[in-house]
Protein chains: 2
Amino acid sequence: MKARVTVTLKNGVLDPQGKAIEGALKSLGVDGISGVRQGKVFDIELETGDKAKAEEALKAACEKLLANTVIENYRVEIA
Amino acid sequence: MKARVTVTLKNGVLDPQGKAIEGALKSLGVDGISGVRQGKVFDIELETGDKAKAEEALKAACEKLLANTVIENYRVEIA
């Protein structure tokens, strides 16, 4: 079973990395971009075939390691 | 106009970061995970309202900066 976890910064949290990317794109001549925020994506392969169990394991993974829930949101999609 | 760009490693490219996450999850007691591959996600705000123009700018951004097309794939989703 495959799943994708997307971790993004919460609204209001400063993203200097995104700002740097925005600046770099401007200086490379890519126009029309007014904001960039960077996040992370994890493609996870699970042993179980049970969707509920998979969801539980992924939630635990996010809370314990993948996301800093003080400043980040996460979203779990099971394929 | 908002868009999301997802950059993931191509199949066959080693991902030591993903392997480290997999090991860390095991040692944290999260069971049932047999593989992790990490990628990046960019939430991009565009000035234009024209979808074709937006797509063109995003493709340029990916090719020039966001993705290393030798080892990475990218996917553009316009919301």
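Begin by selecting strand β2 (residues 33-46) of chain A together with β2(B): the two strands run antiparallel and are joined by 13 bridges. Strands here are DSSP runs of E of at least two residues, and helices are runs of H or I of at least four, numbered from the N terminus; two strands pair if DSSP finds at least two bridges between them. This is a predicted model, in which local features need pLDDT of at least 70 and side-chain atom pairs count only at pLDDT 80 or more, while totals for chains, interfaces and linings use all residues. Residues are numbered from 1 along each chain as its sequence is written, and chains are lettered from A in the order in which they are written.

Next, select A:Gly39, which stands opposite B:Val41 in β2(B).

Now display the whole interface. Here 33 residues of chain B are in contact (heavy atoms within 4.5 Å) with 33 residues of chain A. Across this interface, 12 residue pairs are in polar contact, both residues being at pLDDT 80 or more. Colour β1 (2-9), α1 (16-27), β2 (33-46) and α2 (51-66) of chain B: each supplies at least two residues of the side that touches chain A. The largest share, 14 residues, comes from β2(B).

Finally, view both chains together.

Notes
Heavy atoms only, no water. Polar contact = N/O pair within 3.5 Å; in protein donor to acceptor, adjacent residues only side chain to side chain.
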